Amino acid sequence: MTIRYDGKVAIVTGAGQGLGRCHAIALAARGAKVVVNDLGGSKDGVGASSEAARGVVAEIKAAGGEAIANGANVANYDEVEAMVQQAMDEWGRIDILINNAGILRDKSFTKGSIEDFKLVVDVHLMGTVNCTKACWDIMRDQAYGRIVVTSSSSGLYGNFGQSNYGAAKMAVIGLMNTLVQEGAKYNIRVNALAPTAGTRMTEGLLPQAAFDLLTPETVTPAVLFLVGEDAPNRTILAAGAGSFAVSRILETESVWLPLDEQTPEGIAAHWEQIIDPDGERELTAGFEQSMKMIGKAAEGLGIK
Ligand code: NAD
């Protein structure tokens, strides 16, 4: 089975270099028409240049593909709307959105400023919200959409010095969890990528031999899979150096405590039971937690 994107239009944000560039080139090589978006600033989000996006478009065209460059700042909704309009004017549809653009402002929580925190959230979370919102109704009307949000192990598990980045990277998982529910009947599927790659973001952090294993080309197949016709839905796919894994949020079975034990001391007394992984599972919607706990309480209280 070959996964191709003939006739499909894709937007890849932050595609002037690194992972986004690799995603854009691979999509185009498999038939997609691609909007190569990039603001072209520094790693910490300063400045702008359209050079990188135009370079990637030239590479795609040289290989026989179709692409257009766009310099929108994903954190600015007006610019994002104009980008989506540009794609619609050019090709009349948008099938695939890969939210990839990102910056870093790494500092310990003590040393980091509120301004840095807001900027990182603005680019990663609001950038993803802006691009997704601007494409959403188009995908609904088409009854087809494949969206990827780019998360990070930093958001899923934490990383020293990355409270701003980690918060934003976990927030896009929250966004995905609700969008899969709202998009299901319109054939819109939303998934998350948690990559690890050797790019300017990770330059100098790893020994060269490890950096060399973590090429963007070893991650891009995960994105291609997540935006295919038969893509999964609501999957957090981790990828790096040619390895692929799925990350899940699990909840333990839950323990109902009688009224006189619904106290912090009661929780302490039953702690081993509460954290027991036996019976833990992934819930598919928030109300499942409520239903589970209502069920436990009804059972405990003998209510039919
Ligand atoms: P990169 O710095 O090489 O590429 C990011 C691109 O996004 C840059 O070209 C930059 O100009 C662009 N960009 C930044 N702000 C933008 C904005 N406001 N609007 C439009 N474009 C903007 O980094 P990368 O490593 O390729 O990262 C790509 C994505 O993967 C990011 O979301 C990053 O957080 C995520 N990620 C990367 C790693 C890794 O190991 N490299 C790990 C986890 C997550």
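Start with the two domains: colour 9-247 as domain 1 and 250-301 as domain 2, bounds that come from an automatic or database domain assignment. Their C-alpha centres lie 37 Å apart. Keep in mind that this is a predicted model, where local features need pLDDT of at least 70, side-chain atom pairs count only at pLDDT 80 or more, and totals for chains, interfaces and linings use all residues. To find your way, residues are numbered from 1 along each chain as its sequence is written.

Next, select helix H4 (residues 114-142) and helix H6 (residues 163-183). Helices here are DSSP runs of H or I with at least four residues, numbered from the N terminus. The axes of H4 and H6 come within 9 Å and cross at roughly 20 degrees; each axis is a line fitted to C-alpha atoms over the stretch in contact, and angles run from 0 to 180 degrees between N-to-C directions. That makes H4 and H6 roughly parallel to each other, a label for angles under 35 degrees.

Now show the residues in contact, meaning C-beta atoms, placed from the backbone, within 7 Å. On H4, look for Phe117, Val121 and Leu125, among others; on H6, the set includes Tyr165, Ala168 and Leu175.

Last stop: Ile267, which sits in helix H9 (residues 264-269). Then pick Val255: Val255 and Ile267 are twelve residues apart in sequence and 9.4 Å apart in space, C-alpha to C-alpha.

Key
Helices (H or I, at least four residues) and strands (E, at least two) are DSSP runs, numbered from the N terminus. Angles under 35 degrees count as roughly parallel, over 145 as roughly antiparallel, 65 to 115 as roughly perpendicular and the rest as oblique. Two residues are in contact if their C-beta atoms, placed from the backbone, lie within 7 Å.
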